[in-house]
Amino acid sequence: AGALSLSKMMLLTEALCAAHLKLLLSVLRAAPEWAVRANIVIALGDLLCRYPNTAGLWVSHFFGGLKDPHPAVRGATMNIATHLILSDMLRGTAYMHCMARAVDERDERLAEMARLFYRRLAEKNKQLIYNQFPDVFSALSVDPAVDQSALQRILSFLAEFLDDSHCALLVERFLQRFQNTTADGDDDHGQGLSSTAD
């Protein structure tokens, strides 16, 4: 009840939002009851709508709800994130890997919510899925919660929204990244040899 009252007060003015946002987030991290965490996630969605410049600075805490141990909290986060991103009220590009990871959710209902989000996003802006594909791959490939088989399932699903030209361009982008990484490694190796010779 206290967290709900606090969040309602924060909606009154942006100054109140800024002054108490850290406190609300500390309650989110510490609350043992899933219902409290779910209500705070919903409140964060309202604050992101009303005060995007202020609440947006803490958006990573909002997307953290997709990793919550309780499915109700993850579901609330997915619902709100879907609404905010598809309504252009939130630029979720930096956290698109969080939405992609949910495609392989252990809760099938939530996994279907994530898949529906991408289907609706593809109808609206398929280019965004292509643009974010390399970053999603990079983030998930080093995520300890995503094993190799899960990564393959997620990327295979996302690839369904790419046409042939997208796939060809992605191959070029990945090759370029690989070549740059290899070149950097060769330079480091060369410098090591040079210092050894000295």
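1. A residue is called buried when its relative accessible area is under 20%, exposed when it is over 50%, and partly exposed in between, using a 1.4 Å probe and protein chains only. On that scale, 40% of the 198 residues of the protein chain count as buried. The accessible surface of the protein chain comes to about 11000 Å², and 56% of it belongs to carbon and sulfur atoms; these areas come from the Shrake-Rupley method with a 1.4 Å probe, and for residues only the protein chains shown count as cover.

2. Please keep in mind that this is a predicted model, in which local features need pLDDT of at least 70 and side-chain atom pairs count only at pLDDT 80 or more, while totals for chains, interfaces and linings use all residues. Residues are numbered from 1 along each chain as its sequence is written, and side-chain values use heavy atoms, with hydrogens and water left out.

3. The protein chain holds 10 helices and zero strands, where helices (H or I, at least four residues) and strands (E, at least two) are DSSP runs numbered from the N terminus. With contact meaning heavy atoms within 4.5 Å, 62% of the contacts in the protein chain between residues at least 6 apart in sequence join residues at least 24 apart.

4. The largest nonpolar core has 59 residues, and those with the most contacts inside it are Leu 44, Leu 47, Phe 63, Met 99 and Tyr 118. Helices that each supply at least two residues of this core include H1 (2–10), H2 (14–30), H3 (34–50) and H8 (108–141), and the largest share, 13 residues, comes from H8. Such a core is a set of buried Ala, Val, Leu, Ile, Met, Phe, Trp, Tyr and Cys residues joined through side-chain atoms within 4.5 Å. Leaving aside neighbours within four places in sequence, Tyr 118 is in contact with Met 96, Met 99, Ala 100, Val 103, Ile 129, Phe 157, Leu 158 and Phe 161.

5. H1 and H2 pack with their axes 9 Å apart and at an angle of about 155°, the axes being lines fitted to C-alpha atoms, for helices over the stretch in contact, with angles from 0 to 180 degrees between N-to-C directions. The two helices are therefore roughly antiparallel to each other, a term used for angles over 145 degrees. In H1, Ala 3, Leu 6, Ser 7, Met 9 and Met 10 meet residues of H2, among them Leu 16, His 20 and Val 27.

6. The axes of H2 and H3 come within 10 Å and cross at roughly 155°, so H2 and H3 are also described as roughly antiparallel to each other. The contact involves, among others, Leu 21, Leu 24 and Leu 28 of H2 and Ile 40, Leu 44 and Leu 47 of H3.

7. Trp 58 lies in the loop between helix H4 (52–55) and H5 and, at 30% relative accessibility, counts as partly exposed. Not counting residues up to four places away in sequence, Trp 58 touches Leu 21, Lys 22 and Leu 25.

Notes. Parallel < 35°, antiparallel > 145°, perpendicular 65-115°, else oblique.
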